[in-house]
Amino acid sequence: MFLGTILYAVLNSAILVVMAIGFSLTFGISGVANFAYGSMYILSAYLSWMLLNLLELPYGLALLLSLLMTMSAGALMYRFVLLRVRGQALSEVIATFGIGLAILELFQYLGFVGFEYSLPVLIDDSFIIGETVIDAQRLLIAAAGGLLVAGLWAFTHYTRLGLAFRGIAQDERTALTLGIESDRIAMFSVALGCGLAALSATLIIPLGSISPSDGYEVLIKALAVCIIGGLGSTGGVIVASFVIGFAERFTDTYLSSHWTMIVSLAAILIVLVVKPSGLFGRQKELEERI
């Protein structure tokens, strides 16, 4: 049981990395806390389901189109809503949360609830490690998490757009003097964050079914990971994902599954009290207040 718990804790941690990295990237670049992140996750899943089942498109094409449409939705959200309130943190939170709430409740109202709303696994196989059976989809998520982190690092270090992202994240005013358009880069960062939410949905949703309520859970877990690790810190996202992933799995195994969500919320509370900027956060001014 202990070996199985360790293995699934590692896989659960990889799932959290994939789930939260888009939220962290958007905030780290543009400073926008996208509280519609969970709804974009669910939106992409339903778009994939509709393209696959209603239009009967090939699975790969359906996933690609849903990814592009979700990124477009993020760009439109920034262009027509967030651009008007950019720099007003509370207004950004309220606006994005309101949009996310509207999307999730719309699917709930239209009756998109039930086990029939699901996506097929990308790899239908399983492996036995020790005495533990692990499905190939979870291993795919773990591999995708590693590739995603490496790919984002390469993107932000070796492409013009990625370097512009880093410039805005490090010093927006200096970046503006060098001709980098802040609002354009911020729009791309929100769109990319939504695209990463769609990618995580493509990998994670096949483990279960699509439900509007999962959007809230995804948002809470992404927030927990980013707050604990430090908003805008990729290294912090990885470390925090493993902290929460192991804590949730051991809680589920040795206590009860009902306590797993409380673990994330309790971890947020403890970190905000002890180290408000997170384990690797750069917002040092927060800690000067306590």
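Colleague: How many cavities of 30 Å³ or more does a search of the whole structure find?

Modeller: A cavity is a set of points on a 1 Å grid over the protein atoms alone where a 1.4 Å probe fits but cannot get out. Here the search finds one of 30 Å³ or more. The model is predicted: local features need pLDDT of at least 70, side-chain atom pairs count only at pLDDT 80 or more, and totals for chains, interfaces and linings use all residues. Residues are numbered from 1 along each chain as its sequence is written, and side-chain values use heavy atoms, without hydrogens and water.

Colleague: What volume does the largest cavity have, and which residues line it?

Modeller: A volume is the space filled by probe spheres set on the points, which are joined across faces, edges and corners. For the largest cavity the volume is about 50 Å³. Lining residues have an atom within 4 Å of a point; among them are Phe35, Phe97, Leu101 and Tyr216.

Colleague: Which element gives the most to that lining?

Modeller: Helices are DSSP runs of H or I, at least four residues, numbered from the N terminus. Helix 4 gives the most to the lining of the largest cavity, four residues.

Colleague: What is the volume of the largest pocket?

Modeller: A pocket is an open set with protein on both sides within 12 Å along at least five of seven lines. The largest pocket holds about 600 Å³. Of its 21 lining residues, Asn12, Met19, Ile204, Glu217 and Lys221 are the closest to its centre. Helix 1 (2-30), helix 9, helix 10 (234-254) and helix 11 (260-274) each give two or more residues to this lining.
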